[in-house]
Amino acid sequence: MGRLREIVFESRTAPALARFWAAALDGYAVRPYDQAEINRLAALGLTPETDPVVLVDGPGPSLCFHQVPTRDYTNNRVHLDIAAADRAAEVRRLLTLGARVQREVDGYTVMVDPEGNQFCVVVQRPS
């Protein structure tokens, strides 16, 4: 049986979107670049700021941001739910990171990240 390895986002600008999600999710960070990876990118004429594939690691599955400049962005290809004890406070925090509210629904808020990918902020269930 397969296991979830990572969640892949198609994006216009992989590094910027990866930084957004690393800041949006508790315990997540952009995967650090070691010297070998920096050298590999340099050989391709790239840097970590122009890397077309950026990984974000955390306590759950890794998130992979893959730059696809020709993608049709009218249809969302990934959807995440973010659980928060205080939904309103979390929505406000995400707004400061560049997200936008698309609509409020009973029990959750539909938002979009800086590139228009939808996600929801939901009330965290008691453990």
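The structure holds 0 disulfides, a disulfide being a pair of cysteine sulfur atoms within 2.5 Å. This is a predicted model, in which local features need pLDDT of at least 70 and side-chain atom pairs count only at pLDDT 80 or more, while totals for chains, interfaces and linings use all residues. Residues are numbered from 1 along each chain as its sequence is written, and side-chain values use heavy atoms, leaving out hydrogens and water.

| Residue | Relative accessibility | Class |
|---|---|---|
| Cys 64 | 7% | buried |
| Cys 120 | 6% | buried |

Now for the core. In soluble globular proteins, nonpolar side chains tend to be buried together. Here the largest nonpolar core has 24 residues; such a core is a set of buried Ala, Val, Leu, Ile, Met, Phe, Trp, Tyr and Cys residues joined through side-chain atoms within 4.5 Å. Trp 21, Leu 63, Phe 65, Leu 94 and Phe 119 have the most contacts inside it. Among the elements supplying at least two residues each are α1 (14-24), α3 (87-96) and β4 (62-67), and α1 gives the most, with 7 residues. Helices (H or I, at least four residues) and strands (E, at least two) are DSSP runs, numbered from the N terminus.

Leu 63 touches residues including Ile 7, Phe 9 and Trp 21, not counting those up to four places away in sequence; contact means heavy atoms within 4.5 Å.

Terms used:
Buried < 20%, exposed > 50% of the residue type's maximum accessible area, 1.4 Å probe, protein only.
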